[in-house]
Amino acid sequence: MTALPLPLPLLEARNIGKRFGGVRALQDVSLTIRRGEIYGLIGPNGAGKTTFFNVLTGLYPRDEGEVIFAGAPLPLGEPYRVAQAGIARTFQNIRLFANMSARENVMVGCHARSKVGVAGAVLRSRAQREEEAAIRRRADELLAYVGINARAGDLAKNLSYGDQRRLEIARALATEPQLLALDEPAAGMNATETGALRALIARLRDDGFTVLLIEHDIKLVMGLCDRIAVLDYGRKIADDVPAEVQRNPHVIEAYLGVVHE
Amino acid sequence: MNAGMLFTRMPRKVQLALAVIALAGLPFMVGAGLGNTWLRVLDFALLYVMLALGLNIVVGFAGLLDLGYIAFYAVGAYVYALLASPQFGLHWPVWAILPVGALAACGFGVVLGAPTLRLRGDYLAIVTLGFGEIVRIFMNNLNAPVNITNGPKGIASIDPIQIGGHALSQPLEIFGVTVPALVLTYYFFLALALLVMLAGLRLQDSRIGRAWAAIREDEMAAKACGINTRNVKLLAFAMGASFGGLAGGLFASFQEFVSPESFSLMESIMVLCMVVLGGMGHIPGVILGALVLTVLPEAFRHGAGPVQQAVFGQVLMDPENLRMLLFGIALVAVMLYRPSGLWPDPRHRQEFNAR
């Protein structure tokens with residue numbers, strides 16, 4: 001029996017720092033995400049999880065540190081280039097294109113991986129028609145993958161909450177990401193919806209996607225993630241497999257406080 | 001079954017044939033029934049259709065509020081005027097000038113778009129408003145030290161459009177039938193308006209159109225989807241401006257005269273009203289808006305005096321003032337009762353009704 005090679009790192013964040021005025025939202029945060037794993041990022045409210053997420057995806061410029069993604073430095077402060085580089089994200093407070101159909105939302109996601117321009121569109125060139133048909137097919141496949149193909153023609157805002165979450169994931173997948181970053185996907189979901197979401201994320205991993213998961217629902221994170229990093233006051237206080245993180249005294253302290261005799 | 005239902009149940013080819021016959025026959029009916037004044041109004045209506053369709057790309061598709069759109073119309077008109085008039089002694093053919101005018105306007109669109117990309121809503125509106133005024137004031141003052149635009153006096157004796165050696169300002173004999181000049185102009189403008197419409201429809205239903213809609217809906221999410229929002233917005237400005245420039249060139253050749261006062265802020269606002277009143281982002285609605293807002297004010301202009309005379313025995317209110325009053329009331333009424341426009345996108349109508 002041969003030893004399995006260690007999975008390659010897909011993303012390496014080195015010494016990330018971010019300030020808002022006098023507040024140090026992130027200090028010296030380093031973490032490594034390997035290909036094919038579900039990597040959890042947890043922490044109490046205000047710990048800097050979403051800030052880290054926004055820095056990673058280019059929404060906020062970072063003040064310190066660097067990110068190596070798939071072997072190359074990640075561009076700074078340009079979310080569209082981060083998406084083109086292969087990191088797709090969803091938002092904590094769902095941000096769909098509300099007045100476009102579910103299918104159109106996913107088709108927008110295909111934008112970065114398609115290329116026909118104005119001339120092609122106006123002249124309806126053969127290349128344009130073929131690309132358009134391929135985008136449409138791809139969108140329908142992805143809607144079926146996340147399980148909402150029956151709602152393809154409905155406006156995004158008329159979908160149920162759980163379906164909107166799924167649509168956002170489908171739209172993110174349409175950008176053909178190497179890393180899928182989900183910002184609190186289970187927020188506001190009931191137990192049934194969370195269970196279905198859990199199955200979907202597990203399936204994403206089985207299909208070879210790498211997932212970065214920010215989540216408040218500890219049960220979901222512990223059950224799903226291969227490794228977990230814990231942030232507290234902008235610092236990383238733990239980074240390990242779920243069982244170790246649960247035993248880590250710093251983590252217990254951050255979540256429950258210290259016992260004073 | 002009413003006539004509308006009958007029409008929608010016909011095969012597509014029959015519908016198309018009926019539409020062609022109606023559009024081709026319209027100027028003859030208008031000319032015979034209402035006279036040349038109304039034929040001119042019809043020609044102008046087509047110019048405004050092109051303008052409104054161009055602005056619709058910026059405002060309706062991409063959701064960027066532009067209050068200086070008429071500047072691109074002005075650029076197209078002045079390019080035509082300078083390249084086909086005694087001003088510089090140039091007399092380029094129309095097929096060369098119209099693309100040059102559209103390209104020049106496109107360039108101005110990028111010049112306006114580039115510095116304003118970070119702005120949205122009110123702030124963008126203010127900057128574009130200023131831009132529109134700057135262009136007009138330039139036209140007004142570029143007569144010294146070097147005389148380019150002839151200043152407030154404007155440029156006269158502009159060449160009419162020549163197609164195949166025939167000027168559109170002259171009537172044409174075909175098979176013993178005399179087609180009046182205004183009807184010829186109508187056909188030419190109609191053909192170009194249809195091309196602009198087709199381009200708009202195809203752009204809307206394409207990768208580019210979806211990117212515009214995504215930016216309109218949620219710019220941050222659009223960026224997260226990998227859309228280079230800067231370039232895509234610039235493209236909206238450039239495309240809208242090109243159509244404006246094309247319409248401007250046609251305007252100059254039709255009037256055979258341009259002067260800065262044709263390109264006031266009021267004109268920008270009128271074109272914006274056409275887009276908003278008709279139904280932002282919905283091409284049939286925008287065309288309807290342009291037609292209604294060109295034809296109705298003219299009807300008031302000609303009808304308000306005689307009607308008052310007949311009802312009250314005297315003209316109580318200057319038709320020109322009355323026109324603006326009624327226009328204002330009409331706008332308020334439409335915004336109250338049809339907030340998404342006279343003929344909105346069917347999907348968006350649902351949305352407004354649901355509120």
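Me: Which residues does Ser85(B) touch, not counting residues up to four places away in sequence?
Reply: In this predicted model, the contacts of Ser85(B) include Leu90(B) and His91(B).

Me: Is Ser85(B) buried or exposed?
Reply: Ser85(B) lies in strand S1 (residues 84-85) of chain B. Its side chain reaches the backbone oxygen of Ala81(B) at 2.6 Å. The relative accessible area of Ser85(B) is 0%, and buried means under 20%. Ser85(B) is therefore buried.

Me: How many disulfides are there over all chains?
Reply: A disulfide needs two cysteine sulfur atoms within 2.5 Å. For Cys110(A), the closest cysteine sulfur is in Cys225(B), at 9.5 Å, which is too far for a bond. Cys110(A) is also buried, at 5% relative accessibility. Over all chains, the number of disulfides is 0.

Me: Which strands are the edge strands of the open sheet of 6 strands in chain A?
Reply: The strand order is S6-S7-S8-S3-S9-S10 in chain A, with mixed pairing. Neighbouring strands are turned by 20 degrees against each other on average, direction ignored. An edge strand pairs on one side only, and this holds for S6 (87-89) and S10 (235-240) of chain A. The edge strands are S6(A) and S10(A).

Me: What is the bridge partner of Tyr39(A) in S9(A)?
Reply: Strand S3 (residues 38-42) and strand S9 (residues 227-232) of chain A run parallel and are joined by 4 bridges. In S9(A), Tyr39(A) has as its bridge partner Arg227(A).

Me: Which helix packs on the sheet, touching S3, S9 and S10 of chain A?
Reply: Helix H6 (residues 161-174) of chain A lies across S6 and S7 (179-183) of chain A, at about 155 degrees to S7(A). The helix touching S3, S9 and S10 spans residues 249-256 of chain A, and its direction makes about 130 degrees with that of S10(A). That helix is H10(A).

Notes. Residues numbered from 1 in each chain as written. Chains lettered and ligands numbered in written order. Predicted model: local features only at pLDDT ≥ 70, side-chain atom pairs only at ≥ 80, totals over all residues. Heavy atoms only, no water. Buried < 20%, exposed > 50% of the residue type's maximum accessible area, 1.4 Å probe, protein only. Pairing = 2+ DSSP bridges. Helix = DSSP H or I, 4+ residues; strand = E, 2+ residues; numbered from the N terminus. Axes fitted to C-alpha atoms, helices over the stretch in contact; angles between N-to-C directions. Contact = heavy atoms within 4.5 Å. Polar contact = N/O pair within 3.5 Å; in protein donor to acceptor, adjacent residues only side chain to side chain.
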